[in-house]
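The following note is intended for a colleague who is meeting this structure for the first time.

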Amino acid sequence: MALHFSSAHPISALHPLLCFFLHDTYPEMEYASGLQRQLASMKKNLFDQGYLDEQFYQLEELQDESSPNFVEEVVTLFFRDSSRLVANIDQALQKYPQDFRRLDNFMHQLKGSASSIGAAKMKNECTSFREFCNKENREGCLRSFQKVKKEHAVLKQKLENYFQLLKQVGPVDKATHSGN
Amino acid sequence: MEVVPRDSGLIWWGFPALYSLRFLFLVYYIRRPSGDLLPLLLPQPSLFFFFFAMSSYAEGRGEQEIHVLAVDDSSVDRALIAKILRSSNYRVTTVDSGKRALELLTLEPNISMIITDYWMPEMTGYELLKSVKESSKLREIPVVVMSSENVPNRINRCLEEGAEDFLLKPVRPSDVSRLCSRMR
């Protein structure tokens, strides 16, 4: 608002009303809707760039009053498990001779959890890794695993940013999320 | 049965052991100026208690909670399946292995359905299914198997062993809602 009034001036009490009649909006709402726009575009990017897929919407659909932070809780569980699995795979890759079956088991678990939260890019990298594993191609596994680790780190950062922004915006109306 | 008249007040009346229920009827009279007693029909508190007790009894018998046992070694998948089931108002217990599932089944008599992951370390979902179907105590419980892999041989093997259904992961609410009619 271009108007400046000292807070002691009686007309400052009318400021919100003036904003409403002149701009058809409340200042606090404008700020909030800016954050909401930011959140919506962040989310759209996550989907457009293939980091997340349809399954993430399924998680959001399950969130309700009885578990208002369900999505964040599940994602936290995922990163707890996936960090452990990534460390296990790292260790297993150091060993000679290579136990490909064990590697495949770990990667199967990682892929499964990634798929359950809708982490599309991670899921795809896990699939590539398993293909190299089936062919017992150690070099291929090592290269593929670097990609898996990278996707894991990138997704973790992006989702952390997303949930932080989500907290600032507050509960988002289900009807407004894109894709429906 | 003894009726004791009182001046414009209550008369107590009790029926002895009628189907081991006793109703205390309160009978009200008013004494008219002419001197005679006029009976009044007023609501009976004892009958309120009777109907309340009967409805609680009927409610208790009608609504037996459906208790589902979910078995999965992945904490993410456990959280997901539990949430989907609880959204349909089922009571859910989750365990992380076939071994723990069997332990729980010996203690908990009223499981309406078992939903299990296929690939688990130590005991696979198929082995759990077999154990359940081979047990005389547990074989009536419907077992549903979930897997992230669409392997027709695996699916057929499970169905032949007596699995109620086979779900592909990630599981959705629509998959679970079609199971509700098969719950015990």
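1. Contact here means heavy atoms within 4.5 Å. The structure is a predicted model, and by that criterion the contact between the two chains takes 22 residues from chain A and 16 residues from chain B.

2. The size of an interface is often given as the accessible area lost when the parts come together. Between chain A and chain B about 1,500 Å² is buried, and carbon and sulfur atoms give 58% of this area. On the side of chain A, the residues that lose the most area to chain B are A:L62, A:H108 and A:S116, which together make up 32% of what that side buries.

3. Polar and charged pairs also occur across the interface. Six residue pairs are found in polar contact between chain A and chain B, both residues being at pLDDT 80 or more. The count of salt bridges between the two chains is two. A:D64 forms a salt bridge with B:K83, in which the closest N and O atoms are 3.1 Å apart.

4. Which elements of chain A give two or more residues to the side that touches chain B? They are α3 (54–62), α4 (70–94) and α5 of chain A. The most is given by α5(A), with seven residues.

5. Because the relative accessibility of A:H108 is 14%, the residue counts as buried. Leaving aside residues up to four places away in sequence, A:H108 touches A:R130, B:W119, B:S148 and B:E149.

6. Is A:Q58 buried or exposed? Its relative accessibility is 15%, so A:Q58 counts as buried. A:Q58 lies in helix α3 of chain A and touches B:R172 and B:P173, again not counting residues up to four places away in sequence.

7. Finally, helix α4 (residues 125–134) of chain B may be considered. Its buried residues are B:G125, B:Y126, B:L128, B:L129, B:V132 and B:K133. Because they cover an arc of only 160 degrees around the axis, they are on the same side of α4(B). An α-helix has 3.6 residues a turn, so residues three or four places apart point the same way. Within chain B, the buried residues of α4(B) pack against the strands β4 (67–71), β6 (113–117) and β7 (143–147), and against the helices α3 (98–107) and α5 (152–161).

Key. Residues numbered from 1 in each chain as written. Chains lettered and ligands numbered in written order. Predicted model: local features only at pLDDT ≥ 70, side-chain atom pairs only at ≥ 80, totals over all residues. Heavy atoms only, no water. Buried < 20%, exposed > 50% of the residue type's maximum accessible area, 1.4 Å probe, protein only. Helix = DSSP H or I, 4+ residues; strand = E, 2+ residues; numbered from the N terminus. Arc of directions from axis to C-beta. Buried area = accessible area lost by both parts, 1.4 Å probe. Salt bridge = Lys/Arg side-chain N within 4 Å of Asp/Glu carboxyl O. Polar contact = N/O pair within 3.5 Å; in protein donor to acceptor, adjacent residues only side chain to side chain.
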